Amino acid sequence: MSEIPSVDMRSIVKTFGPVVANDQVDFTARTGEIHALLGENGAGKSTMMCMLSGVYRPTSGDIFIHGNKVKIKSPKDAMKQGIGMVFQNFRLVQTLTAAENIVLGERSSFWRGPGWMKNKQEEIEAIADRFGLPFPVDRPIWQLSVGEQQRVEIVKTLYRGADIIILDEPTSVLTPGEVEQLFYTLLHMKAEGKSVIMTTHKLKEVMAVSDRISVMRKGRMLHTLDKQETDERELARLMVGKEVAAIRPEASGRKPASGIMLDVKGLDVFADHGRKALDQLELRVQAGEIVGVAGVAGNGQRELAEVLTGLRSWKNGAITFAGGELKNGSVRGAIEAGIAHVPENRMKSGLAGSLGAVDNLLFKSYRSDERSTFGFLRSKSNKVWSQSLVEQFDVKTPDLDTPVRSLSGGNQQKLLFAREINQEPKLMVAVHPTQGLDVGATEGVHKLLHELRDKGSSVLLISEDLDEILQLADRILVIYGGRIVGEVSQTQADREQIGMWMAGMQGEEEAAG
Amino acid sequence: MSDQPIPTTAVPTNPEGKPAAKLRLRLEIERNPSGQGNPWWMTIVSIILALVFCGIFIALNGMNPITVYAKMLRGAFGTSFGFTETLVKAIPLLLCGLGVSIAYRISVWNIGAEGQFVIGAMAATAVTVYWPNLPAYAAIPTMIVLSIVAGGIWGLLTAIPKTHFQVNELITSLMLNYVALLALDYVVFGPWKDPQGFNFPGTPMFTETQSLPVLGDTRLHFGLVFAVIAIIVYAVMIRYTRWGYELRLIGANAEAARNAGIGIKKHILVVMLISGGLAGLAGMSEVSGVTHRLMYGISPGYGYTAIIVAWLARLNPIGLVISSVLFAGLIVGGYSVQTIGLPSSISEMIQGSILFFLIAGATIGKIRIKRSA
């Protein structure tokens with residue numbers, strides 16, 4: 001234990017404007033170990049690693065590499081310290097070959113004699129072979145699979161002589177077979193005395209390869225544990241935290257849930273790159289209930305929301321909604337059936353920032369007879385209507401023509417809710433509805449969702465914030481790998497159990513279905 | 001956390017606990033492709049900057065820039081001949097500029113107005129070649145319809161690959177310009193060449209029945225009415241119709257428009273059909289109203305100048321009228337300075353400089369300096 005750690009980060013603080021991403025975080029990694037950095041999305045893992053690799057600079061705190069205090073100002077500095085990072089989104093030039101990508105930026109590559117590239121390719125192939133990372137060195141990147149591209153990234157760090165290798169969520173893009181191959185490589189790197197740091201939120205993988213595990217939550221470092229000392233259950237509990245969700249007020253004074261509103265059966269959905277995103281998903285929502293879908297990002301939540309709102313079509317299965325069949329892949333069909341949508345990122349896909357309140361409120365209703373006639377918009381009455389909605393939902397805007405991008409996040413979200421609720425939806429699909437909002441605005445959104453529920457509509461709340469789900473949802477479903485793997489009612493919710501489900505561990509007791 | 005903005009400039013680190021000694025600034029670049037968020041006076045500033053910049057070159061030629069500009073102004077707007085000439089040149093610029101503006105509304109970068117113009121001119125001429133004896137009431141409408149259809153199809157040749165195979169419209173629309181120009185060369189040097197034309201690469205002159213009516217003894221022709229009608233219809237459609245609302249929505253945020261159930265592919269196809277059709281109509285009005293024949297080099301680059309016209313107007317209908325007249329005036333003014341020994345390409349130089357300063361201004365306008373707290 002007396003040896004000097006290869007990485008020693010002390011009291012790291014990182015803020016982005018008012019947001020504190022890392023709060024007094026300490027982190028050490030030893031030579032020749034695989035260190036897993038575990039936490040939910042937004043726990044601050046990636047931010048920590050970005051500071052180590054020179055992408056961000058810490059607001060305060062010190063970094064020691066092999067015992068020397070260093071300032072890492074850029075990825076180049078990081079490289080000099082022997083730190084290499086493989087990002088979740090690869091940094092590769094699509095049209096260059098794998099080998100060219102690896103030598104890119106090398107000083108000596110400016111003047112190339114004959115046979116230079118051939119020698120480099122052989123050198124790269126030798127490294128790739130040594131660590132069990134085969135890929136075609138002379139093929140352009142766009143022809144390689146995602147798994148192969150990741151190998152190129154890893155070899156790039158090794159080629160540049162990194163002995164501290166950071167992998168940010170390395171398994172999220174890989175098939176199970178490729179994951180095993182990757183682990184073999186990691187063990188190999190460890191055997192050669194390199195420090196491997198891997199951020200992840202998958203417990204199984206953590207237990208499979210890592211030597212030590214650091215758990216982060218909400219920007220803080222909770223514990224660093226040896227693998228032998230811990231188990232998945234403990235890690236799951238640490239990862240999701242154990243504070244008790246606030247008991248909801250007025251949980252009693254509402255109509256009981258009645259009748260099936262949404263029935264999803266055996267749904268298969270493919271994501272953009274042909275990966276199966278939803279796998280025989282089964283889901284039921286009753287009228288007058290809020291169903292929370294908890295899960296770690298990338299387990300099919302986005303695709304589920306897209307399918308229900310008509311933005312994506314499904315391959316197999318059926319969706320029955322309010323007694324009828326839902327049209328496959330028709331946004332118009334979903335709107336007409338009465339499905340409202342609060343998208344994940346309101347400015348990206350929910351509002352048109354450069355347009356004013358009227359145009360933004362008209363999004364879904366401009367086709368109706370009240371809003372337009374013979375193809376012409378009823379401009380005057382639309383203005384009056386918008387004004388009344390703005391007042392009713394208490395949207396603070398200088399006037400109806402002010403571009404909505406200049407409104408505060410809370411007011412933007414209120415405007416969006418005004419539009420969606422005005423449609424009198426039977427089901428609202430709300431994805432991270434309070435992301436980036438302050439406490440007051442968050443409460444406002446929660447109130448709107450409750451009111452909607454109390455009027456007999458259904459709400460499907462998709463969120464990574466377990467606290468929010470526990471606070472709002474009547475029933476909680478956990479999605480993992482494109483399937484609903486757990487279900488529990490709000491009153492019986494057990495964070496530890498939910499955490500296990502979220503991390504892909506099927507609980508032994510009372511496995512709900 | 002990975003979607004946090006990465007500061008583009010170095011931010012001095014703040015020592016723990018101490019108040020920041022320096023003001024911490026960072027540069028952010030806003031996404032706003034058409035530059036519509038910029039204040040209108042930036043357009044005026046870029047025109048002034050372009051005039052100053054070109055003035056340097058005029059001065060280097062040993063002339064006083066002020067005199068030259070005054071001469072250009074008089075030549076383009078000072079006389080009734082000059083002014084009607086300016087309007088004649090403004091007609092194709094306005095129609096083509098309107099065409100590309102509609103496409104730019106929804107971020108479809110159609111730079112193929114030149115080719116669509118030529119194809120429209122060819123379609124109109126085909127009527128005179130193959131049905132030379134149509135009476136006026138049939139000839140002109142047939143020429144109008146065919147030129148719009150042909151220009152529209154030329155636009156669809158760009159739109160369909162874009163919507164169905166994700167082919168970049170910049171490339172296809174530009175390349176189709178050359179296809180159209182070569183097709184023009186083929187017909188005027190080949191099958192449609194005037195047998196009595198002393199080998200001049202052009203078709204026979206149009207008859208009275210195949211020509212658009214003109215105003216008095218000027219060259220100002222009926223195409224002006226097409227242009228004015230088109231611009232009014234455009235202004236009303238964009239502002240007051242469902243279709244216009246959909247276009248505005250797609251232009252403001254395509255992903256949000258998709259969420260509102262608007263079919264973007266369908267809109268791209270329709271818009272390119274209209275965009276090409278308007279340029280095609282411009283081509284028809286040029287051959288039928290001005291040159292009265294199809295000939296080699298029928299367009300002196302109207303389709304390209306139209307792109308600058310649209311940018312300068314910021315896709316606004318009234319702006320389009322002003323900027324197309326302004327650019328037509330530049331062309332006509334350029335001719336008038338030839339008499340004092342300057343090449344007429346001075347007007348092209350000014351056009352280019354205006355675009356340059358316009359784009360530079362739009363880019364600078366997107367950069368915001370923010371205090372990072």
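1. A:Lys120 is buried in this predicted model, with a relative accessible area of 13%. Its salt-bridge partner is A:Glu123, with the closest N and O atoms 3.9 Å apart. A:Glu123 is partly exposed, at a relative accessible area of 39%.

2. A second pair in chain A joins distant parts of the chain. A:Lys45 and A:Glu169 form a salt bridge at 3.4 Å, N to O. A:Lys45 lies in helix 1 (residues 45-52) of chain A, and A:Glu169 in the loop between strand 7 (164-168) and helix 6 (176-191) of chain A. They are 124 residues apart. A:Lys45 is buried, with a relative accessible area of 4%. A:Glu169 is buried as well, at 9%.

3. B:Arg293 forms a salt bridge with B:Asp194; the closest N and O atoms are 3.9 Å apart. This pair also links distant parts of the chain, 99 residues apart. B:Arg293 is in the loop between helix 10 (264-291) and helix 11 (302-313) of chain B. B:Asp194 is in the loop between helix 6 (169-189) and helix 7 (223-240) of chain B. Both residues are buried.

4. Salt bridges also form a network in chain A. Its members are A:Asp268, A:Lys276, A:Asp279 and A:Arg483. Over all chains, the count comes to 33 salt bridges.

5. Where are the domain limits in chain A? The assignment gives domain 1 (7-240), domain 2 (259-338 + 426-438 + 449-513) and domain 3 (355-424). The contact between domain 1 and domain 2 of chain A takes twelve residues from domain 1 and 15 residues from domain 2. The C-alpha centres of these two domains lie 33 Å apart.

6. A:Ser11, in strand 1 (residues 7-16) of chain A, has a positive phi of about 45 degrees although it is not a glycine. A:Gln24, in strand 2 (residues 19-29) of chain A, has a positive phi of about 50 degrees and is not a glycine either. Most residues other than glycine have a negative phi. Both sites are partly exposed: A:Ser11 has a relative accessible area of 33%, and A:Gln24 has 40%.

7. A:Thr157 belongs to helix 5 (residues 146-159) of chain A. Is A:Thr157 buried or exposed? At 7% relative accessibility, A:Thr157 counts as buried. Leaving out residues up to four places away in sequence, A:Thr157 touches A:Gly84, A:Met85, A:Val86, A:Ala162 and A:Ile165.

8. A:Val358 is placed in helix 12 (residues 357-362) of chain A. A:Val358 counts as buried, at 11% relative accessibility. Beyond residues up to four places away in sequence, A:Val358 touches A:Asn382, A:Lys383, A:Ser386 and A:Leu400. A:Leu311 is 47 residues from A:Val358 in sequence and 24 Å away, C-alpha to C-alpha.

9. Chain B contains 13 helices and two strands. Buried residues make up 50% of its 373 residues. Of the contacts in chain B between residues at least 6 apart in sequence, 76% join residues at least 24 apart. The chain exposes about 17,500 Å², and carbon and sulfur atoms supply 69% of that area.

10. Helix 1 (residues 41-60) of chain B has 20 residues and should span 28 Å at 1.5 Å a residue; its end C-alpha atoms are 29 Å apart, which agrees. Its buried residues are B:Thr43, B:Ser46, B:Ile47, B:Ala50, B:Cys54, B:Gly55 and B:Ile58. B:Val45, also in helix 1 of chain B, counts as partly exposed at 37% relative accessibility. Just after the helix, B:Gly62 takes a positive phi of about 85 degrees.

11. Helix 4 (residues 113-130) of chain B passes the length check too. Its 18 residues should span 26 Å at 1.5 Å a residue, and the end C-alpha atoms are 25 Å apart, which agrees. This helix is mostly covered, with 16 of its 18 residues buried.

Methods. Residues numbered from 1 in each chain as written. Chains lettered and ligands numbered in written order. Predicted model: local features only at pLDDT ≥ 70, side-chain atom pairs only at ≥ 80, totals over all residues. Heavy atoms only, no water. Helix = DSSP H or I, 4+ residues; strand = E, 2+ residues; numbered from the N terminus. Expected span 1.5 Å × (residues − 1). Buried < 20%, exposed > 50% of the residue type's maximum accessible area, 1.4 Å probe, protein only. Contact = heavy atoms within 4.5 Å. Domains from an automatic or database assignment. Areas by Shrake-Rupley, 256 points an atom, 1.4 Å probe, with all protein chains shown as cover. Salt bridge = Lys/Arg side-chain N within 4 Å of Asp/Glu carboxyl O.
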